[in-house]
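Please open the model in your viewer and keep the selection panel at hand. The stops below proceed from one selection to the next.

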Amino acid sequence: MKCNLLVLGAGESGVSAALLAQEKGYRPFVSDSGTIRPEMKAVLTKAAVPYEEGGHQLPYLKDTEEVIKSPGIPDSAEVVRRCEALGLPILSEIEFAARYTTPKQLISITGSNGKTTTTTLIDLALRAAGVQSVACGNIGDSLAREVMEGGADVYTMELSSFQLDHMYRTHSHIALLLNITPDHLDRYDHHLINYARAKWRVFQNQGAGDYAIINADDPHIAELQQEAPLQAEFVKTFSTRNPKASAYFDGQLIHFKGGVTYDYTQFLLKGQHNAENIMAVGLALQAYGVDIDRQEVRKCLSTFGGVRHRTQLVGTWHGVTFINDSKGTNLDATAHALGAMPDAKTVLLLGGTDKGNDYSLIFDLVKSKAKALIFLTLDTDKLHRSFDCLALPTTVAHSMAEAFEQITALDLSEGDVVLLSPACASFDLFKNYEDRGDQFIDAFEALS
């Protein structure tokens, strides 16, 4: 039997898309340039979905009607260009799976930073309010898998720019754009505007009855709104500068239009960036019809301690707090994390695979917050060139174990903080940011 739908990539999203496609009457074929993980092979074999690995031979290409592409495969890949040359529609897994949902079921969250915290909190608060929500997309399971399993009132989706790139008809009833800072520019011809436009796609197809939620303080979002005005009927804004925004943070209290106020000083989450996330969450909940003054919702938001690897409180050792922000893989994320730290009491672990960072952008924060730096990387030349002028105590570690040896050798005092927020990708010393963060946690547990 000839296959009529090609799936490129055999990870979670690709395999789930293939299974959903088969369930909906398609005949999928899965192709991966690398080695498919044994557990994914087992799933495909059990479902009798044909596949290939180690290259793209594409035996059914002439019969293919559509292509579902893994977000990890760049548009510049030869296999993608080959499909484009044949005029084949190339979709993301989200675009395909969304065909089998309604707009009212979709809450979509994107941004350069804060996506996972915001998505997780919306999902938790919806469930606390009695709504059957599932967090999916760029976290948890894929949308395709959740659609197959069914039973959800709403799919609360974290979306990366890579996923948004090949979404065309997906219509989200509620869509959020948290912020835009330079990231992944190598996928966007090193032009920030291209990356920003990919993020703006989260609002496409919105109209009557829909909600667009945006950061009113972000200049890149303001530019996009001038270039392609939002079509959602309701545009809600959050701000730390404008008291007239739909949600406003004054440094202590979060004010929502309508009279609801949160005392942010009583929240476990700290920092202005997390206050922005809480405002976005509250606006999304209101858009869905949830009373954000409910005790269950307030408790859910105020007691949330953070997502793993995202300014995650790991623990305290002899009065020194250890925070895992391994997901801080760009300068803006590291700046947010540092901004929430005490002055002159932070040991900052940074470095890794550099993304073309201009470290001078965080000089003032490092000078005011850091008491020592540990460069956790194989390539320290740029870091030394950038930070040695600050005359802070600096060491170099080529493993997490070595970094912790250096931490314990420092003259630490009660109230100090050890912050892992690298501002870089992880691939020189670690498998990924999760591995880096897990090793940080394991090292702390061994220490304590």
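**A helix pair and its sheet**

Select helix 1 and helix 2 (residues 38-46): their axes come within 11 Å and cross at roughly 5°. Helices (H or I, at least four residues) and strands (E, at least two) are DSSP runs, numbered from the N terminus. Axes are lines fitted to C-alpha atoms, for helices over the stretch in contact, and angles run from 0 to 180 degrees between N-to-C directions. Helix 1 and helix 2 are therefore roughly parallel to each other, the term for angles under 35 degrees.

Next, display the side chains at this contact (heavy atoms within 4.5 Å): Glu12, Val15 and Leu19 come from helix 1, and Met40, Val43 and Leu44 from helix 2. By class, five of the residues are nonpolar, none is polar and one is charged; Ala, Val, Leu, Ile, Met, Phe, Trp, Tyr, Cys and Pro count as nonpolar, Asp, Glu, Lys and Arg as charged, and the others, Gly among them, as polar.

The model is predicted: local features need pLDDT of at least 70, side-chain atom pairs count only at pLDDT 80 or more, and totals for chains, interfaces and linings use all residues. Residues are numbered from 1 along each chain as its sequence is written, and side-chain values use heavy atoms, with hydrogens and water left out.

Now select the five strands that form an open sheet in the order 3-2-1-4-5, with parallel pairing; two strands pair if DSSP finds at least two bridges between them. Strand 3 (51-52) and strand 5 (90-91) lie at the edges with a single partner strand each, so one side of each has no neighbour in the sheet. Helix 1 (residues 12-23) packs on this sheet, touching strand 1 (5-8), strand 2 and strand 4 (66-69), and its direction makes about 170° with that of strand 2. To inspect the pairing of strand 2 (residues 28-31) with strand 3, look for two bridges; Val30 has Tyr51 as its bridge partner.

**Around strand 16**

Move to strand 16 (residues 320-324), where four of five residues are buried, that is, under 20% relative accessible area with a 1.4 Å probe, protein chains only. Five bridges join strand 16 to strand 15 (residues 312-317) in the antiparallel sense, and Trp317 is the bridge partner of Val320. This pair is a hairpin with two residues between the strands, and His318 in the turn has a positive phi of about 50°. Strand 16 also pairs with strand 20 (residues 417-420), in the parallel sense over four bridges; select Thr321 to find Val417 opposite.

Methods: Angles under 35 degrees count as roughly parallel, over 145 as roughly antiparallel, 65 to 115 as roughly perpendicular and the rest as oblique. Buried means under 20% relative accessible area, exposed over 50%, partly exposed in between (1.4 Å probe, protein chains only).
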